[in-house]
Amino acid sequence: HDVEMFIENGVNEFYGESADELREQLRYLVSRPERARSIGARARRTALVLFNLDRFLAQWTAIVREVVG
């Protein structure tokens, strides 16, 4: 569902095509706790920017204004 639009695989989160791929990514993170914290911090920043209420409302307001005129 357009995950590539907001997730940079291995930078600010992970995604995968299979359970095996996701399992390996989890093992990677467990074996590298500092890297896991770094990726987690980036994921949090991404979520705050993309999924905050102010951004959502501003985007919908702009769409409604464009449609209504």
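How many aromatic pairs does a search of the whole structure find? The search finds three. The model is predicted: local features need pLDDT of at least 70, side-chain atom pairs count only at pLDDT 80 or more, and totals for chains, interfaces and linings use all residues. Residues are numbered from 1 along each chain as its sequence is written, and side-chain values use heavy atoms, without hydrogens and water.

**View 1. F14 and Y28 form an edge-to-face pair.** Their ring centres are 6.2 Å apart and their planes stand at 75°. Rings of Phe, Tyr and Trp (its six-membered ring) pair if their centres lie within 6.5 Å; planes under 30 degrees apart are stacked, over 60 edge-to-face, the rest tilted. F14 lies in the segment before α1 (19-31) and Y28 in helix α1, so the pair ties together parts 14 residues apart in sequence. Helices are DSSP runs (H or I, at least four residues), numbered from the N terminus.

View 2. Buried means under 20% relative accessible area, exposed over 50%, partly exposed in between (1.4 Å probe, protein chains only).

**View 3. Helix α3 covers residues 53-68.** Its 16 residues reach 22 Å from first C-alpha to last, close to the 22 Å expected. The expected span is 1.5 Å times one less than the number of residues. L53 is in this helix and, at 57% relative accessibility, is exposed. The C-alpha atoms of L53 and V67 are separated by 21 Å.

**View 4. N52 caps the N-terminal end of α3.** A side-chain oxygen of N52 lies 3.1 Å from the backbone nitrogen of D54. After α3 comes G69, with a positive phi near 100°.

Note on methods: Helices (H or I, at least four residues) and strands (E, at least two) are DSSP runs, numbered from the N terminus. A polar contact is a pair of N or O atoms within 3.5 Å; within protein, one must be able to donate a hydrogen and the other to accept it, and residues adjacent in sequence count only if both atoms are side-chain atoms.
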